Amino acid sequence: MRNLSYHLNILKKAGLVWEEKEKNFIYYDLNTSILEELMSWLIELEGSRKNEE
């Protein structure tokens, strides 16, 4: 559990994870916008590479 807490703390500091506490539960929201931007960039990169061939 310590390893998970360490990584969650890093993600929270980077603004990629938000924590919401409700009674005895903790809910986490993951910011996927960075992943979406990376996937979009990779798709564009692959498309431009195919056009060069």
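# Exercises on a predicted model

K12, E19 and K21 are linked in a network of salt bridges. The model is predicted. Work through the exercises in order.

## Exercise 1: the salt-bridge network

Find how many salt bridges the structure holds, and which residues form them.

**Solution.** 
- Step 1. The structure holds 2 salt bridges.
- Step 2. Take K12 and E19. Their closest N and O atoms are 2.8 Å apart.
- Step 3. Take K21 and E19. Their side chains meet at 3.7 Å, N to O.
- Step 4. Apply the cut-off: a side-chain nitrogen of Lys or Arg must lie within 4 Å of a carboxyl oxygen of Asp or Glu. K12 and E19 form a salt bridge, and so do K21 and E19.
- Step 5. Side chains of opposite charge can pair when their charged atoms come close.

## Exercise 2: exposure in the network

**Solution.** 
- Step 1. Recall the limits: buried is under 20% relative accessible area, exposed is over 50%, and partly exposed is in between.

## Exercise 3: the fold and helix 1

Give the order of the elements, then check the length of helix 1.

**Solution.** 
- Step 1. The protein has 2 helices and 2 strands.
- Step 2. From the N terminus on, they run α-β-β-α.
- Step 3. Helix 1 covers residues 2-13, which is 12 residues.
- Step 4. At 1.5 Å a residue, helix 1 should span 16 Å.
- Step 5. The end C-alpha atoms of helix 1 are 17 Å apart, which agrees.
- Step 6. Look past the helix. G15 follows helix 1 and has a positive phi, near 80°.

## Exercise 4: the aromatic pair

Classify the aromatic pair of F25 and Y27 as stacked, tilted or edge-to-face.

**Solution.** 
- Step 1. The structure holds 1 aromatic pair.
- Step 2. F25 and Y27 form this pair, at 6.4 Å centre to centre.
- Step 3. Their planes make an angle of 35°. Stacked needs under 30 degrees and edge-to-face over 60, so the pair is tilted.
- Step 4. F25 is exposed at 53% relative accessibility. Y27 is partly exposed at 42%.

## Exercise 5: the surface

**Solution.** 
- Step 1. L38 is partly exposed, with a relative accessible area of 42%.
- Step 2. Buried residues make up 4% of the 53 residues in the protein.

Definitions and conventions: Residues are numbered from 1 along each chain as its sequence is written. This is a predicted model: local features need pLDDT of at least 70, side-chain atom pairs count only at pLDDT 80 or more; totals for chains, interfaces and linings use all residues. Side-chain values use heavy atoms; hydrogens and water are left out. Buried means under 20% relative accessible area, exposed over 50%, partly exposed in between (1.4 Å probe, protein chains only). Rings of Phe, Tyr and Trp (its six-membered ring) pair if their centres lie within 6.5 Å; planes under 30 degrees apart count as stacked, over 60 as edge-to-face and the rest as tilted. Helices (H or I, at least four residues) and strands (E, at least two) are DSSP runs, numbered from the N terminus. The expected span of a helix is 1.5 Å times one less than its number of residues.
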